Each structure stands twice: as C-alpha cells, then as structure tokens.
Amino acid sequence: MSHELTFEELASFSKAFNEDDRQQVVGRAAQRVGLYEASFNERVRTNLTTVFSTQLKTDKVTAQQRSGRCWLFATLNVLRHNFGKKYNVKNFELSQTYNFFWDKIERANIFYDKMIELADKPLDDREVKAYLDFAGHDGGRWQMAVSLVEKYGVVPNYVMPDTFNTAHTEALDLVLADKERKDALELRKLAHEPEAVEKARQKFLSEIYRIIATAIGEPPTSFDLQYRDDDDKYHFAGNLTPQDFLKEYFDIDFTDYVVVDNAPDHELNKLYSLPFEENVRGKYPIYSINAPMEALEKASIAQLKDGEAVWFGNDVLRQMDRQTGYLDTELYKFNDLFNLDLSMSKADRLSTGAAEMSHAMALVGVDEADGAVRKWKVENSWSDKAGQKGYFIMSHEWFNDYVYEVVVHKRYLDQKYLDLLETEPTLLKPWDSLA
C-alpha cells in the first residue's frame with residue numbers, strides 16, 4: 001500500500017517535535033557537536049582498562065593507511081608474532097606491499113576466468129554484475145591472504161616497503177577496475193574462440209602486471225635477512241627467496257587452521273563456501289564453519305593462552321571510537337539521544353544489510369575474571385595514532401555482537417565442528433551477507 005505524505009502530517013510531526021522540551025535540548029547539543037559526541041558514553045572507560053589476564057608480547061603496530069588491506073595486515077601480523085616469539089624480536093614487520101602486488105594480478109586472472117565462463121549471461125545478470133563491481137577491489141579475508149603467502153612467500157618490510165600507491169590505493173584501484181571491466185567486454189566476445197581468447201587473456205595480464213609494477217615496483221626474487229633481536233644480538237642470512245624465508249623461519253601449517261563464523265541469519269553448525277572471493281587458482285578455497293559464539297570465544301581464548309594471535313573479522317565502524325580505541329556496545333547511546341529503540345538482533349542486522357564484515361584485526365589479549373570474559377586486547381592496523389598506541393580495547397558484549405569470524409587452529413575446536421569439514425559445503429552467493 002503506497003502512502004503520499006501530506007502537509008498536514010508534516011505539520012503534526014513538527015508540532016510533536018517542538019512540544020518535546022527534552023528533544024529540543026538534545027537537538028541543540030547534537031547539532032553543535034555531532035551525533036557521536038552528543039551520545040558518547042564516558043562510563044564505558046571504567047571497564048575498558050589496559051590490563052589483561054592474558055596477553056602476547058607485542059609492541060609497535062602497523063599502518064595500512066588509506067587502503068583496504070586490513071585482511072592482509074591482520075594475517076601478516078599473526079605471522080610476525082609467530083616469528084617474534086620464535087626469534088625473540090617483537091617489532092619485526094613483514095612487507096604488505098609484496099603480497100599486495102601478487103594479489104592484484106592473481107585477482108585479475110580469476111576475474112578474466114569468470115568473465116569468460118559467464119560470457120553467455122547478460123551484463124545485468126546478478127552474478128556477472130557482482131564480479132564487475134568487485135573488479136579492482138582491495139578487500140579480502142584470511143584464505144585469500146594465506147593463498148598468497150603460501151604461493152609467493154613473504155619478505156621483511158624493509159625489502160619492499162610501502163609506496164604512495166600502496167598506502168593510498170584509490171587511484172590504482174580505479175585504474176585496475178577500469179582496465180579489467182574494459183577487458184571483460186573483449187573476453188566476452190571471444191569466449192567461444194579458444195585460441196583468440198587465450199591470446200587476449202595473456203595480453204591483458206601482461207598489461208595488468210605493467211600497471212602494478214609501474215605503481216608500486218616489482219617484487220624481489222631474493223633478499224638478505226638481517227635484524228637485531230630483543231637482546232640486541234645481530235642475525236644475518238644471505239640470498240633467501242621469499243618462499244625459502246617462509247619455509248625456514250615460520251612454524252605454521254595453514255592447513256591446520258579453520259575459519260569459524262558466527263552468522264545467525266544462516267543455519268548454525270554447517271559448512272559454507274564462498275568461491276566468489278577466492279583470489280588464487282589452485283590454493284585455499286574459502287570455507288567456513290558457522291557456529292555459536294561460544295565456540296569462537298572458547299577457541300580464541302585457548303589460542304591466546306598458547307601464545308598465538310587470532311585473526312578476526314568484524315564490523316569495526318559500529319560502536320567504535322578511533323581516538324580512545326574503545327569498542328563497546330554501550331559507547332554511543334543513540335537510543336537515549338533520539339528516545340527510540342534502534343536495537344536489532346545480530347541475525348536481523350545481517351539479513352537486512354545493516355551489518356557487514358568490514359574490517360580484520362588480530363586478537364592479542366583477553367581479560368577474564370571469575371570464569372567470565374571481561375574484555376579483549378585488539379591489534380589494529382591504523383598506526384599508533386589510533387587507540388592506545390594502535391591497540392583497541394573491546395568489550396565482550398562487542399565481541400558477541402560485532403565479531404563475525406575468527407581463524408583458529410583445529411586443536412582448539414570440538415570434534416563436532418571438525419566433523420563439519422568433511423561435509424558438503426553450502427554454496428553462498430556473491431551477494432550473501434557473509435560476502
């Protein structure tokens with residue numbers, strides 16, 4: 001049933017607003033300082049202290065700057081803590097630019113595959129449009145990062161540091177998106193001519209390589225490793241390849257790790273797959289177990305207590321203050337500000353698009369008392385100018401409401417969840433709430 005607003009209705013709305021003395025006072029404050037400041041709840045600081053019952057030995061944070069590489073930063077932060085624990089060097093940083101380079105060309109390769117595969121569908125087909133919309137995109141997730149790491153290895157940050165275009169990816173993303181979309185039109189025309197389409201693909205991939213290499217430089221094929229550990233002891237190893245560095249210096253088998261989601265708009269205790277976001281042919285498919293939050297909490301705590309950081313996906317723009325680093329469901333009291341109930345369940349937020357997994361960070365600490373979790377220590381990648389020298393403090397309520405995914409070792413999951421890995425996954429569409 002349609003409804004046309006009348007001037008009589010609008011007049012009644014205005015009358016009700018102006019007769020509400022409380023809302024007039026609130027309105028004057030909100031209009032002067034903004035909705036966030038007007039609704040900020042100072043009381044959360046009482047529980048968000050910087051003391052944790054369990055925390056890793058960490059120090060300096062990283063900075064993704066103006067880019068969407070959080071998923072890659074969070075993964076490499078987990079790896080650098082692995083390295084730091086083994087070799088007694090807290091502030092060793094891995095190059096995000098190195099793996100970012102390979103991500104861009106690998107994504108282009110898969111994009112061209114899909115454009116050929118879907119060539120018989122119209123451009124306004126929902127799946128075709130999803131791939132076209134995702135062209136040149138920066139975002140990603142754990143399996144995408146480890147696929148790159150396992151294929152190409154890693155290098156120290158000093159070997160391939162950030163350039164302007166990795167720290168500010170907008171222009172590069174725009175150029176790549178335009179290039180790939182234009183190429184898509186040509187590949188669709190040639191899709192049923194095997195030799196011609198393959199020749200075009202090779203030409204286009206070479207041009208993608210040229211764009212990326214021009215923007216950020218070519219990756220090294222070998223390097224010299226050198227660092228001082230936390231006891232000021234000097235270490236050197238010459239002429240390592242990125243793949244050798246990964247194999248020889250990092251104690252991690254990515255096949256031992258499982259992505260565990262909590263998406264209550266989907267059936268729990270099931271295995272799901274999202275091939276739409278896979279970025280490297282022949283590497284890790286995107287699978288996740290959908291489980292209750294208790295499973296995510298239990299496994300994350302166990303992994304932290306064993307001295308290992310936890311990659312997690314979340315909705316960081318909800319109930320977050322960048323300056324203090326607070327993540328708390330009671331941080332902004334919008335309900336009080338507007339005298340309304342704006343609350344929604346986690347399932348309803350996901351199913352209506354109000355929620356999304358917009359960011360990735362690393363859990364590096366947890367605070368427990370009397371058998372209950374009080375708060376979590378979070379390593380972000382927004383530089384040391386955000387939060388508590390780059391670290392954020394997350395209430396357990398925020399963990400339950402706005403964390404959607406953790407990556408944990410299989411040893412920390414109950415067998416009933418591991419058994420799900422042997423089941424046939426449910427395929428998620430590119431427009432799913434978990435995408």
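Two strands are taken to pair if DSSP finds at least two bridges between them. Helices (H or I, at least four residues) and strands (E, at least two) are DSSP runs, numbered from the N terminus. The structure is a predicted model, in which local features need pLDDT of at least 70 and side-chain atom pairs count only at pLDDT 80 or more, while totals for chains, interfaces and linings use all residues. Residues are numbered from 1 along each chain as its sequence is written, and side-chain values use heavy atoms, with hydrogens and water left out.

Strand 2 (residues 223–228) and strand 3 (residues 234–240) run antiparallel and are joined by five bridges. In this pairing, Phe223 stands opposite Leu240 of strand 3. The two strands form a hairpin with five residues between them, and Asp232 in the turn has a positive phi of about 65°. One face of strand 2, made up of Phe223, Leu225 and Tyr227, is covered, whereas the other, with Asp224, Gln226 and Arg228, is uncovered.

Val159 lies between helix 7 (142–152) and helix 8, and, leaving aside neighbours within four places in sequence, Val159 is in contact (heavy atoms within 4.5 Å) with Pro220 and Phe223. Relative accessible area, computed for protein chains only with a 1.4 Å probe, defines a residue as buried under 20%, exposed over 50% and partly exposed in between. Val159, at 23% relative accessibility, therefore counts as partly exposed.

Helix 9 (residues 170–190) contains 21 residues and reaches 30 Å from its first C-alpha to its last, close to the 30 Å expected at 1.5 Å a residue; the expected span is 1.5 Å times one less than the number of residues. The buried residues of helix 9 include Leu172, Leu176, Ala184 and Leu187, and also Asp173, Lys179 and Arg188. Among the elements that cover the buried residues are helix 5 (96–117), helix 6 (126–134), helix 8 (164–167) and helix 10 (194–216).

Two packed helices are described by the angle between their axes and the distance between the axes. Helix 5 and helix 9 pack at an angle of about 25°, with axes 9 Å apart. Helix 5 is therefore roughly parallel to helix 9, a description given to angles under 35 degrees, with those over 145 roughly antiparallel, 65 to 115 roughly perpendicular and the rest oblique. The axes are lines fitted to C-alpha atoms over the stretch in contact, and angles run from 0 to 180 degrees between N-to-C directions. The residues that meet across this pair include Phe100, Lys104 and Phe111 in helix 5 and Leu172, Glu180 and Leu187 in helix 9.

Most residues other than glycine have a negative phi, and most peptide bonds are trans. Asn269, by contrast, has a positive phi near 60°. This residue, Asn269, is placed in the loop between strand 4 (257–261) and strand 5 (270–273), and is partly exposed, with a relative accessible area of 40%. Gln319 likewise has a positive phi, of about 50°, although it is not a glycine. Gln319 is found in the loop between strand 7 (310–314) and strand 8 (320–321) and counts as buried at 12% relative accessibility.
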